[in-house]
Amino acid sequence: MTDEWTRADAEVADEAVRAMVDELRPAWTVEGVERADEGTDFVAVLDVATAASTRRVVLKATTNDWVDAEVARAEPRLLDLVGRETTIPVPDVYGYCDVHDALPTPFYLMEYVPGEALEGRADVLSEDAFARVVRDAGENLAALHDLGTLPAAGTVGVHGGDLAVLDTDDNPRYENGLEKTHEGCLEAIDTLDDGGYFPGVTEDRERFADLIPTLREHVDRTVPTLAPADDPRYCHWDYRYGNLLVDPDTGATNAVLDWANLSAAEPASNLASVEFHLLDADDPDDATLAARRRTFRDAYASARDADWAFTDAVRERMAFYEFGNRVGAMACFGLWHEDATPSEREAIEADHRSFVRDRCGDA
């Protein structure tokens, strides 16, 4: 990638946008470029003229170091696989490029799908619409997990041109998903004495440092009691409102996005992450949250293959994976809540501490 094509803010010049489209669809002409305001990579909605009509498409290019290239290259391939082999709604891919001498890579073109990403705005949904989102999530994850087992746990990427569970220094393989979460949980806990994963974006770098002994003790006490993890499968660990295009009136999920950083993990891990990020997005009361959890789990269990069930062992591992998600949220506190007011941050901190007290004891 060369400086002539990119800016310091990770945007891509119009000339480069046209060059990317020409690389993948030389018969198309770019007539308009609408850049996304959010995201860690370059994403833009394009108006393009084809031989038959004018259409809207989406261009995505990796323009920073947040995601390794071999991981980012997996996204269009996974969209193809999921679109071909499951009923999960995903955009069609019109082409992708892994390596280019002058343009930022990987990049790809995909179908534009209408809908709203309701991150931080889930309260606009009626309870019926929320229930539809939750049911769709259960059915979508069941379809993803039923694609089959994978040889190891870890990060999904591209090796030798094909999808694979990576085995590199930055993306190591694990025997199973429980081992991966155990290690990741301990690493996240260790960051809490210095601002978490993103110490540079917070002045209060010891906000959760006092919880480290309690959190480590819970991990050390809990993991040996858990049954072995199920075989790894494809898992969309970031299934949340920011990565869904939803009809706000009905709650129908029109598209599931962001298939980079897909995990090879046991289904219980994916279920716990979705319950953590999706079900309580509008801060419901306990009864509403419990009803949503039943809806989600019933939809998932009904759609999964007949050999799978929410056994006591699965529920216990889900509880540990939920704990891991909570620790990850504390480690990401500075970045996720950088723009929150002091009182908002205090309320979020209080919620984390309440969880730790309930799960681990005094905090």
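**Helix pairs and a cavity**

Tutor: In this predicted model, helix 5 (residues 177-191) and helix 6 (residues 212-222) pack with their axes 10 Å apart, at an angle of about 170°.

Student: Why are helix 5 and helix 6 called roughly antiparallel?

Tutor: Angles over 145 degrees count as roughly antiparallel. The angle here is about 170°, so helix 5 and helix 6 are roughly antiparallel to each other.

Student: What makes the contact between them?

Tutor: Helix 5 gives His182, Cys185, Leu186, Ile189 and Asp190, and helix 6 gives Ile212, Leu215, Arg216 and Val219. By class, six are nonpolar, one is polar and two are charged.

Student: At what angle do helix 4 and helix 8 pack?

Tutor: Helix 4 (residues 127-145) and helix 8 (residues 286-303) pack at about 35°, with axes 8 Å apart. The crossing of helix 4 past helix 8 is right-handed. Residues in the contact include Phe130, Val134 and Leu141 of helix 4, and Phe296, Ala299 and Tyr300 of helix 8. The classes there are ten nonpolar, four polar and four charged residues.

Student: What makes a space in the model a cavity rather than a pocket?

Tutor: A 1.4 Å probe fits in a cavity but cannot get out, whereas a pocket is open.

Student: Which residues lie nearest its centre?

Tutor: Of 13 lining residues, Gly195, Asp204, Arg207, Phe208 and Phe333 do. Helix 9 (312-331) and helix 10 (333-336) each give two or more residues to the lining. The lining divides into five nonpolar, four polar and four charged residues.

Key
Residues are numbered from 1 along each chain as its sequence is written. This is a predicted model: local features need pLDDT of at least 70, side-chain atom pairs count only at pLDDT 80 or more; totals for chains, interfaces and linings use all residues. Side-chain values use heavy atoms; hydrogens and water are left out. On a 1 Å grid over the protein atoms alone, a cavity is a set of points where a 1.4 Å probe fits but cannot get out, and a pocket is an open set with protein on both sides within 12 Å along at least five of seven lines; lining residues have an atom within 4 Å of a point. Helices (H or I, at least four residues) and strands (E, at least two) are DSSP runs, numbered from the N terminus. Ala, Val, Leu, Ile, Met, Phe, Trp, Tyr, Cys and Pro count as nonpolar, Asp, Glu, Lys and Arg as charged, and the others, Gly among them, as polar. Axes are lines fitted to C-alpha atoms, for helices over the stretch in contact, and angles run from 0 to 180 degrees between N-to-C directions. A crossing is left-handed if the near helix is turned anticlockwise from the far one by less than a right angle, and right-handed if clockwise. Contact means heavy atoms within 4.5 Å. Angles under 35 degrees count as roughly parallel, over 145 as roughly antiparallel, 65 to 115 as roughly perpendicular and the rest as oblique.
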